Amino acid sequence: LAQCPDCGRHFKQDRLDKHRAVCKKVFQQKRKAFDSAANRLGELDNAESLIANAKKLEREREASERATTKKKDEAIPEWRKKSLAFRQAILAAKGAGGDENARRQANEIQQQLDAAGGSEPSDMLKCPHCGRTFNQQAGERHIAICQKTFGGKSGGGRLLKGGGQGGGRSGQAPGGAQAPAPSARQLGAG
């Protein structure tokens, strides 16, 4: 068996000459790209200008696709936006408590979020009463219910610290009077 110098395959000596001719034709020569538009429009009078225009449009489309792909690569991923929003909320809460360093960091993160297109996805809807976010359909249903429930209350229906009645933990009834002592039956002596 003899080895083909071009592709390295082995053949009988009498078949090697025939293979070398085919091997050079098939594997060594670069094939010209088939242009189906030129083949289709070859019989028309203005075929050259049509083909040139089509190639120009194709190049413009590819350039715009590359530009949009580049913009997508520069955009902050959704998980990163959520992480930044969470960190900003925590630092803002610390800043509201008087921590100036945390307030400054929260403002820096908020600037990053604003530059990235906001902290919430565009397809989400925020309830004006309770501040929760929902997808479009669930948000519309929720806002109608939340408006009926909390719409007229101060604070928009949100739970506020110190806004409750004390929950009876101090031993006083909600009106300020002393709570009654538990009966023997309530204590389990009955």
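Let's start with contacts, meaning heavy atoms within 4.5 Å. Among contacts in the chain with a separation of 6 or more, 17% join residues 24 or more positions apart. A word on the source: this is a predicted model, where local features need pLDDT of at least 70, side-chain atom pairs count only at pLDDT 80 or more, and totals for chains, interfaces and linings use all residues. Residues are numbered from 1 along each chain as its sequence is written, and side-chain values use heavy atoms, without hydrogens or water.

Now the layout. The chain has 7 helices and 4 strands. These are DSSP runs numbered from the N terminus: helices are H or I, at least four residues, and strands are E, at least two. From the N terminus, the order is β-β-α-α-α-α-α-β-β-α-α.

How much of the chain is buried? Of its 190 residues, 15% are. Buried means under 20% relative accessible area, exposed over 50%, partly exposed in between, with a 1.4 Å probe and protein chains only.

On to the cores. A nonpolar core is a set of buried Ala, Val, Leu, Ile, Met, Phe, Trp, Tyr and Cys residues joined through side-chain atoms within 4.5 Å. The largest has 7 residues: Leu 84, Ala 85, Leu 91, Ala 102, Ala 106, Ile 109 and Leu 113. Two elements, α4 (78-96) and α5 (100-115), each give two or more residues to this core. The most come from α5, with 4 residues. Leu 84 touches Ile 109, Gln 112 and Leu 113, leaving out residues up to four places away in sequence.

Last, Val 22. This residue sits in helix α1 (residues 13-28). Val 22 counts as partly exposed because its relative accessibility is 45%.
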